[in-house]
Amino acid sequence: MTVGQITLERFIVLLSNQGIRVRVGPFNVQINVTSTVFANQLYLLYKDYELVENDIAEFHVRVVSARSIKRPFTSHVRFLLDGQSPFPILPEEQALAALEWGINLSIAVRVNHLLLFHSAVVERNGQVIVAPALPGSGKTTLCVALVHRGYRLFSDEFGLLDPQRGEFLPIPRLMPLKNESIGVIENYLPEAQLGQKIPNTQKGTIAHVCPPKESIVRSRESAKARWIVFPKWVADTPLRLEQLPDSEAFLLLANNSFNYEVMGESGFQAVTHLIKTCDCYQLVYSDFDDLINAMNDLTN
Amino acid sequence: MSYTQQSHHRLLLDALNSPGSLVGLNTSEWELLIRQARKVKLLGRLAVELNNSALLENIPIRAANQLRSGLIQARKLQQQTHWELNRVLWALQGVEIPVIVLKGVAYALAGLPKSDGRVYVDLDFMVARSDLLCVESTLKQKGWQQNKLSSYDENYYRVWSHEIPPLIHTERETEVDIHHTIAPLTSKLKINTDLFFEVAVVVEDVNTQILSPVDMVLHCAVNLFQNNELSDDLRDLLDIHDLLQFFSNKEADFWKKLIERANQLRLGRPLFYGLHFSQVILKTSIPAAIADKLNERPGRIQLWLMDKLVPLALLPLHPDKPARSALFARFLLYSRSHWIRMPLYLLLPHLTYKKFLSVFPRKAATTEIKK
Amino acid sequence: MSSKVYWRPIGFSCLRIEEWNEEFTLYQPDSGKTHFLNQMGMQIILDLAQSPASTDDICQSLAAQFELCLNQQFSQQIISILNRFNELGLIEKVEKESSM
């Protein structure tokens, strides 16, 4: 059963009492929200996620009302992971951003049985493109564009590599567009489903994009990587896709991982294997049509 | 005196005592167990227990993955602390200063079973007080640094504490804590540290020393019941339990030596609590009535009170519904930990200053304390 | 007889080494660190694994292998690489009685 298959009323009751338990890729997340301002938003954006019954949840998160000493008359919310709050309270309008950010943080600090890259990951024809996030890469925007043009979303944030099987695991989550990229995507992809704009967050204005339904439905299907593409968005530049030396790709990829060092030798082996089995490129782009054509050529 | 377990605590303690029983847990029990184990840093320990009995494949995959994640992290921290020791000993080559490695790294060097699942974050070692300056300056010349401290904290470390401000290598993250004795100088315990060096055990492979078995147990007990605030410190009690079991199986007259040494060093009380709570909470097998031979034991009322409070602090709070009684117990033991570390004329200004900082953190840098 | 300082690698057989077109990644299991080495750096470790050598010996052999001029600047470069490897725990100093 998916979130959308229960009524909004039921959803709100569950959310604010015992919490809802949804499957997000390989993890189950128990979400309990006492501040219900954004429950409607969450219901819409999470409608395709599977509700979990009688299975272990790895993450127990809550978003609760909080009071700020500095600003006692505005409502605030606090994100809690197992009762601990990993970052300061935020204004109530940012509750959805707090929840999404908090879940990402929870994954990043706890998961060590998988190698975690800070990368966008998409799949086409059964093979995966890993696009590590470097500053200014615009990985979320790139990811949103690709997944609305036939690519399957694994994640706009996490490359989860199972080192034993050598395969990436999908973890499709809401994709937060920032600032100018919101308008860019609204123009380029009118069909994309965006949540409300949340102004004044730490990263400016944010709007969350729903993953395509198919990506969520197929989020148990893992796949091997074939290409590693380091993207960079540069305004008004013609597209360039150039091979990257392996040693440089190794360095960039190892540095891109959250837990490369934690995983020790298996991390080293996994990155070595990735570089040996993938083609590594550097990509500079500005135009989405050019981008999609180039990626199609690459993956055909 | 027995301690009435809360049901979530029973789940955790049963898991530690008989890992085989874990195979029968249902979904919600697994979830509650893992959340508690994570809180008290015992995921790696449970993973090792299950691995040893070849059961890690027979439990729900989501539980196994979380335990594995905990174990991988524990092993990384161990690798870091052991490597830090390697580099510290490298840096001290040619200085010829006796070093005694303490706590987690020392337990591993002593060959304590199951220590490979233990989480230890820092490298702790002890040198004679007269060698302290030399060690500190040698390490500082070879790449270690101290974080800038406020003059209050600097003074606290230098005048009152049993260790100096931690050193951290500029290219690595592991904190190096250098001790010159085992309890704060302000506490009532006055310890002749030379006695530890006289009987320290040489570890050939790494060319360093660790405390003798009985001293290691005493240090562990002092650290838990004298230096710590006890909240979520179950792991430290488990260390006492593991050390007692390991050494008493290895050495025939271990218990006799332990009691004698505690009396000699006047560490009877922390050892009493160590033995008592290890037995009460973790069912350690300890010969009957040996604690009666300790010269310094807590009074009946004190023990009654500690029996009420200690388990509530050591064992984790229920992750969804923390009991008020447990929160209050933790508050009382927090107060106790400060009380026994410092005389009252130092304690009140110290806590007032810490409280002041928690409200006005920015002031820390500008506040000067006049001696 | 005089005593001479030699360099030798630490735990060479445990290192995991991968070559990427004249550059190398080297995983050191004791520290858990990955080191990036160029050809010269790798050659130093490989040579020392064959047999321990003094700083002078290393400089001479490298200058010959890479067809470079053995001058003071070159020696300084090699010394700083050796000191760096020493700090990283990749190599160590040993004093050996020399009967040569």
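In chain B, 68% of the contacts between residues at least 6 apart in sequence join residues at least 24 apart; two residues are in contact if their C-beta atoms, placed from the backbone, lie within 7 Å. Welcome to a predicted model, in which local features need pLDDT of at least 70, side-chain atom pairs count only at pLDDT 80 or more, and totals for chains, interfaces and linings use all residues. Residues are numbered from 1 along each chain as its sequence is written, while chains are lettered from A and ligands numbered from 1 in the order in which they are written. For the complex, the predictor gives an ipTM of 0.94 and a pTM of 0.91.

**Chain B**

- Chain B holds 15 helices and seven strands; here helices (H or I, at least four residues) and strands (E, at least two) are DSSP runs, numbered from the N terminus.
- Of the 371 residues in chain B, 40% are buried. A residue is called buried if 20 or more other C-beta atoms lie within 10 Å of its own, exposed if 12 or fewer, and partly exposed in between, with C-beta atoms placed from the backbone.
- The average pLDDT of chain B is 87, and 89% of the residues score at least 70; pLDDT is the predictor's confidence in each residue, from 0 to 100.
- Residues 359-371 of chain B are a stretch to treat with care: pLDDT stays under 50 there, and the model has eight contacts for them beyond four places in sequence.
- Where pLDDT is low, the predicted coordinates should not be read in detail.

**Chain A as a whole**

- Chain A contains nine helices and 18 strands.
- Chain A has a radius of gyration of 19 Å, close to the 19 Å that the globule rule gives for 300 residues, so chain A is as compact as a globular protein of that length. This radius is taken over C-alpha atoms, and the globule rule is 2.2 Å times the number of residues to the power 0.38.
- The C-alpha trace of chain A spans about 55 × 40 × 40 Å along its principal axes.
- Among the 300 residues of chain A, 45% count as buried.
- Of the contacts in chain A with a separation of 6 or more, 70% come from residues 24 or more positions apart.

**A closer look at helix α9 of chain A**

- Helix α9 of chain A covers residues 288-299, twelve residues in total, and reaches 16 Å from its first C-alpha to its last, close to the 16 Å expected at 1.5 Å a residue. The expected span is 1.5 Å times one less than the number of residues in the helix.
- Which residues of α9(A) are buried? They are A:F288, A:L291 and A:M295.
- An α-helix has 3.6 residues a turn, so residues three or four places apart point the same way.
- A:D289 and A:D297 are exposed on the other side of α9(A).

**Two asparagines in loops of chain A**

- A:N54 is not a glycine, yet its phi is positive, at about 55°. A:N54 sits in the loop between β3 (50-51) and β4 (59-66) of chain A, and it is exposed, with 8 other C-beta atoms within 10 Å.
- A:N125 is not a glycine either, and its phi is positive, at about 50°. A:N125 lies in the loop between β8 (119-124) and β9 (127-132) of chain A and counts as exposed, with 11 C-beta neighbours inside 10 Å.

**Chain C**

- Chain C has three helices and five strands, which run β-β-β-β-α-α-α-β from the N terminus on.
- Chain C has a radius of gyration of 14 Å, close to the 13 Å that the globule rule gives for 100 residues, so chain C is as compact as a globular protein of that length.
- Along its principal axes, the C-alpha trace of chain C spans about 40 × 30 × 20 Å.
- Of the 100 residues of chain C, 20% are buried.
- The mean pLDDT of chain C is 91, with 93% of its residues at 70 or more.

**Where the chains meet**

- How many residues of chain A are in contact with chain B? There are 15, and they touch 16 residues of chain B.
- On chain A, the side that touches chain B has five nonpolar, six polar and four charged residues. Ala, Val, Leu, Ile, Met, Phe, Trp, Tyr, Cys and Pro count as nonpolar, Asp, Glu, Lys and Arg as charged, and the others, Gly among them, as polar.
- The contact between chain C and chain B takes four residues from chain C and seven residues from chain B.
- On the side of chain C that touches chain B, there are no nonpolar, three polar and one charged.
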